[in-house]
Amino acid sequence: MLFFRNGKLKPKREVTALLDLKNQWCFNIDRGLVNGVLFLDFKEAFDTVDHNLLLTKLEYMGVRGQSLEWFKSYLSNRYQAVFINDVLSKHEQIKFGLPQGSILGPLLFSLIYINDLSSNLDFATTRMYAGDTNLTFTACSIPELQEQMSVLDFQCLKNWMIANKLTLNIIKTEFMLVGTRQRIATMIVNMHAFINGISLNRVNCSKCLGVEIDEFLTWDTHIASVSKKVSSGLSIMRKIKPFVPISSLLIIDQSVVEPYFDYCSTVWNGIGDNIADKLQKLQNRAVRVITGADYLTSTKEY
C-alpha cells in the first residue's frame, strides 16, 4: 500500500493521543471487557474560562512571580464591542474567555483549566486534547458500566463543572460502546446514560481528533469519509488539468489529496484488504489524472 509515503510520516500529537486511546480500548477488549466512551462537548468552552480561576490553577501548578504576572497581563485589559447595522456598541471589558485563534488558548484550556478533571473521577480514564475531551469506562456488563457512568462519576462530573463554571452541550455530548461484535451482541440490556436527568445520545460512530471511530474499530466509516474527500479532490484536479502543467497538479495532489491518506494513518492502518484496495484504487486514479496514463496502463512505473 502507498499511503504511508515510504514509511515517512510527520509526527503529530493527534496520532499519539489517538494511538493511546486505541491501545486502551484494544487492551480492554482482549480481556473480554467493554468500553463505554463518553465524548464531552463543553458549551462555548473557551469563552467561559474564568480568568481568576485559571490564574489560581496556574499558581497552584507552580507558575509564580513574574511568570504569573505575565499571564495576568495577557488576560487582562481586553475589551470587545459589537458592530451591527452601522452602529458600534460601547466597549466592555472581558472577564471570561481566552483569546480566539491564539496559540495559548488550547494549551491553557486543556493543560491547565480542565487538567484536574481526571482527579475528580473515580472510574473514568480521561483524555483531553485541545477542545476534545472523552472519558473511557470499562466493565464486564452493561449494568456495571451504566452504574459507573450515570450514578457515580456523572455526579462527580456535574460537581466539577459547577466549580469550574462550565456547562455541557447535551445535544452534542454522546456516548458509544466499543468492543467486539460478539461481546456487544450478547449484552441484551440496552445502555442508557443520563446527565441532569437528560438522556444522552448513543452513537455507533463518533469523530475524535478528525478520525471517525466506530464501535467495532473497523474504520469503515473513516475510510468512507476519506474516499469521499479524495474523490472530490481528484474531480477538481481532472477539471483543471487542461489548464495547468503537471508540476502544478503534483502540488495540488500534495495539498488536497495526499493529506487524507496520511492523516493519522498509523491509527487506522489495521484495515482489511478489501478496504485497503479501495484506497489503492484512489491512489491509482490520482496517478492517471496527473500523468494522463490510460486505464490499461500499470501505475507501478509511475
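**Sheet and helix packing in the predicted model**

Strand 6 and strand 7, the latter formed by residues 132-139, pair over 5 bridges in the antiparallel sense. Within this pairing in the model, which is a predicted one, Thr125 stands opposite Thr136 of strand 7. Both strands belong to an open sheet of 5 strands, in which the order is 6-7-1-8-11 and the pairing is mixed. The edges of the sheet are formed by strand 6 (125-129) and strand 11 (201-202), each of which pairs on one side only.

Helix 1, spanning residues 13-30, packs on this sheet and touches strand 1 (34-40), strand 6, strand 7 and strand 8 (174-178), while its direction makes about 160 degrees with that of strand 6. Helix 5, which covers residues 142-163, lies across strand 1, strand 7 and strand 8, and runs at about 140 degrees to strand 7.

Contacts between helices were examined next. Two packed helices are described by the angle between their axes and by the distance between the axes. For helix 2 (residues 51-60) and helix 4 (residues 104-113), the axes come within 10 Å and cross at roughly 60 degrees, which makes helix 2 oblique to helix 4. The crossing in which helix 2 passes helix 4 is left-handed. On the side of helix 2 the contact is made by Leu53, Leu54, Lys57 and Leu58, and on the side of helix 4 by Leu108, Ile112 and Tyr113. Divided by class, the residues of this contact between helix 2 and helix 4 comprise 6 nonpolar, no polar and 1 charged.

Helix 11 (residues 273-291) has contacts with helix 8 and with helix 7. The axes of helix 8 (residues 246-256) and helix 11 come within 9 Å and cross at roughly 155 degrees; because angles over 145 degrees count as roughly antiparallel, helix 8 is assigned that relation to helix 11. In this contact, Ile246, Leu249, Leu250 and Asp253 of helix 8 meet Ala286, Val289 and Ile290 of helix 11, and the contact has 6 nonpolar, no polar and 1 charged residues.

Helix 7 (residues 220-240) packs with helix 11 at an angle of about 10 degrees, the axes being 10 Å apart, and helix 7 is therefore roughly parallel to helix 11. The residues of helix 7 that meet helix 11 include Asp220, Ile223, Val226, Ser227, Val230 and Ser231, together with Leu234, Met237 and Arg238. Their counterparts in helix 11 are Ile275, Leu279, Leu282, Arg285, Ala286, Val289 and Ile290. The residues of the contact of helix 7 with helix 11 divide into 11 nonpolar, 2 polar and 3 charged.

Methods:
Residues numbered from 1 in each chain as written. Predicted model: local features only at pLDDT ≥ 70, side-chain atom pairs only at ≥ 80, totals over all residues. Heavy atoms only, no water. Pairing = 2+ DSSP bridges. Helix = DSSP H or I, 4+ residues; strand = E, 2+ residues; numbered from the N terminus. Contact = heavy atoms within 4.5 Å. Axes fitted to C-alpha atoms, helices over the stretch in contact; angles between N-to-C directions. Parallel < 35°, antiparallel > 145°, perpendicular 65-115°, else oblique. Left-handed = near helix turned anticlockwise from the far one by under 90°. Nonpolar A, V, L, I, M, F, W, Y, C, P; charged D, E, K, R; others polar.
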